[in-house]
Amino acid sequence: MGRRDKELLENIEIEAIAAEGKSLAHINGKVIFIPFTVPGDIVDVQVKNKRKDYMEGVVARMVQPSPSRIDPFCSHYGLCGGCKWQALPYSVQLQNKQQQVVDQLTRIGHLKLPDITPILGSERVTEYRNKLEYTFSAKRWLESALEADNLTDNDKAGLGFHIAGMFDKVLDIERCYLQPSPSNEIRLFIKEFTINNSYTYFDLRKQTGLMRTLVVRTTTIGETMVIIVFAYEDKDLRIKLLEAVQTQFPQITSLNWMINDKKNDSISDVECFLYSGSEFISEKMEELSFRIGPKSFYQTNSEQAYRLYCVVRDFAALTGDEIVYDLYTGTGTIALFLSKNASKVIGIEYVEEAIEDAKANSVNNNIKNCSFFAGDMKDMLCRSFFDINGTPDVIILDPPRAGIHPDVAKVISEAAPKKIVYVSCNPATQARDIALIGDNYKITKVQPVDMFPHTHHLENVVLMVKKD
Ligand SMILES: C[S@@+](CC[C@H](N)C(=O)[O-])C[C@H]1O[C@@H](n2cnc3c(N)ncnc32)[C@H](O)[C@@H]1O
């Protein structure tokens with residue numbers, strides 16, 4: 001550790017909430033970002049990072065907690081990278097998210113806004129996620145090197161989440177409040193079984209060890225998918241574990257495995273094999289049923305996804321005659337949800353498997369007016385595509401955090417649909433994109449939706465109506 005790392009700042013009062021789930025204070029006019037604090041806390045701060053314009057630090061000692069602080073419910077608070085806002089009452093979290101939307105749309109996009117309706121909070125504030133990915137680590141996070149010296153290899157192994165901001169440090173999780181049962185039970189069983197039977201855990205630095213990651217997906221209708229990811233094939237050990245998991249958890253409806261021998265943990269490009277049960281799990285929304293494959297995207301908070309889609313349907317206010325484009329359609333859920341109110345719906349998305357799911361979802365739900373196309377948006381969306389498939393009356397946009405490509409904004413602007421409903425998980429890029437699409441649109445409605453309690457993340461829906 002360098003000398004700078006040890007610098008201690010005493011009695012610092014936290015002033016406000018900042019980006020990425022942190023809070024901030026000022027020291028001699030310079031901003032310092034500190035995670036796991038709330039406005040009004042007085043803390044001693046250890047400086048970790050000094051940059052020209054700002055500093056980053058961690059709490060060395062809580063001197064006086066803020067009157068607005070509440071007790072975090074999770075024993076892993078303060079280390080785990082999830083649920084960083086637990087010490088803030090949920091009503092305060094929601095106020096901050098609402099403010100984030102106003103700030104970003106006005107400061108970044110310089111957009112003129114109507115009155116923004118209050119954010120739709122999530123009824124469930126724990127166990128709201130339908131998908132979690134846990135990581136195995138041969139060297140779980142330990143408070144000190146001294147602690148490590150006294151542990152066996154088994155005791156050093158961990159299965160859980162990355163420490164806030166550290167891709168190579170995994171915190172062993174005892175109980176996570178994010179996903180309903182049997183998520184915790186499955187993770188704990190797999191940990192106990194693998195440790196008792198001497199399975200090795202992955203070491204990211206050395207690139208050794210068998211057990212890599214574990215994905216658990218659940219649905220509101222009680223189906224469960226499990227994907228166990230190994231670093232290499234050891235057929236005996238693999239089958240022994242899969243058999244034990246299936247026997248212990250008969251409620252698992254889709255049990256899968258993968259071999260990921262790449263350097264990174266991403267499994268989007270790794271082949272998935274079914275061990276037992278069905279290749280898919282299903283989710284229901286009104287009269288629709290969606291199949292979800294091991295690699296398909298599905299909105300992570302199913303109940304709030306429904307409320308989000310209802311906002312989209314409300315904002316689009318379709319009469320039944322419109323040609324609707326659902327851009328960045330994923331597995332086609334918004335397209336299918338809107339289909340009965342539209343003349344036809346076109347969905348575009350670049351993950352081919354997701355488009356296969358969208359087509360299957362369309363057939364399974366007996367929907368005949370939706371077509372789905374796979375490809376990169378900036379290559380797919382062009383004048384000739386509109387000539388073949390029809391010019392859009394309404395465009396739904398739901399891109400990833402990075403927002404849309406400038407070429408896509410240009411094509412949308414030229415196509416001049418009557419309405420654009422822009423759904424975004426990042427109001428900063430949303431603001432930029434709306435400004436790019438141009439002055440021919442007036443923002444008439446803005447509705448933030450909270451999909452992720454105890455985090456700084458949110459979804460925001462904007463209705464843009466073409467000016468006469
Ligand atoms: C936020 S998700 C929206 C999914 C869907 N609307 C839903 O509600 O489930 C964004 C989607 O955009 C897709 N995507 C990202 N970049 C893309 C690109 N350049 N072209 C086409 N699709 C893209 C992702 O694969 C992902 O499915």
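The largest nonpolar core has 106 residues, and those with the most contacts inside it are Val226, Val312, Ile396, Leu397, Val421 and Val461. A nonpolar core is a set of buried Ala, Val, Leu, Ile, Met, Phe, Trp, Tyr and Cys residues joined through C-beta atoms within 7 Å. Helix α6 gives the most to this core, with seven residues. Valine 461 is in contact with Leu308, Val311, Val312, Phe315, Val421, Val423, Gln447 and Val449, leaving aside neighbours within four places in sequence; a contact requires C-beta atoms, placed from the backbone, within 7 Å.

The model is predicted: local features need pLDDT of at least 70 and side-chain atom pairs count only at pLDDT 80 or more, whereas totals for chains, interfaces and linings use all residues. Residues are numbered from 1 along each chain as its sequence is written.

**Overall build**

The secondary structure of the protein chain comprises twelve helices and 22 strands, taken as DSSP runs numbered from the N terminus (helices H or I, at least four residues; strands E, at least two). The radius of gyration is 24 Å, close to the 23 Å that the globule rule gives for 468 residues, so the chain is as compact as a globular protein of that length. That radius is taken over C-alpha atoms, and the rule is 2.2 Å times the number of residues to the power 0.38. Along the principal axes, the C-alpha atoms fill a box of roughly 70 × 60 × 35 Å. Buried residues make up 40% of the 468 residues; a residue is buried if 20 or more other C-beta atoms, placed from the backbone, lie within 10 Å of its own C-beta, exposed if 12 or fewer, and partly exposed in between. Of the contacts with a separation of 6 or more, 64% join residues 24 or more positions apart.

**Domains**

The chain is divided into domain 1 (4–69), domain 2 (93–124 + 300–466) and domain 3 (131–285), with bounds from an automatic or database domain assignment. The C-alpha centres of domain 2 and domain 3 lie 33 Å apart. Their contact takes five residues from domain 2 and five residues from domain 3. On the domain 2 side, the largest share, three residues, comes from helix α6 (residues 302–316).

**Ligand surroundings**

The ligand is surrounded by 16 residues, the closest being Tyr328, Gly330, Tyr350, Met377 and Asp398; a residue is near if its C-beta atom, placed from the backbone, lies within 6 Å. Tyrosine 328 is found in the loop between β16 (323–327) and α7 (333–338). Tyrosine 328 is buried, with 20 other C-beta atoms within 10 Å.

**Single residues**

Asparagine 11 is exposed, with 11 other C-beta atoms within 10 Å. The peptide bond from serine 181 to proline 182 is cis, with omega near 10°, and proline 182 lies in the loop between β9 (170–172) and α4 (183–196).

Serine 424, in strand β20 (residues 419–424), counts as buried with 25 C-beta neighbours inside 10 Å. Alanine 16, in strand β2 (residues 16–17), counts as exposed with 12 C-beta neighbours inside 10 Å.

Note on methods: Two residues are in contact if their C-beta atoms, placed from the backbone, lie within 7 Å.
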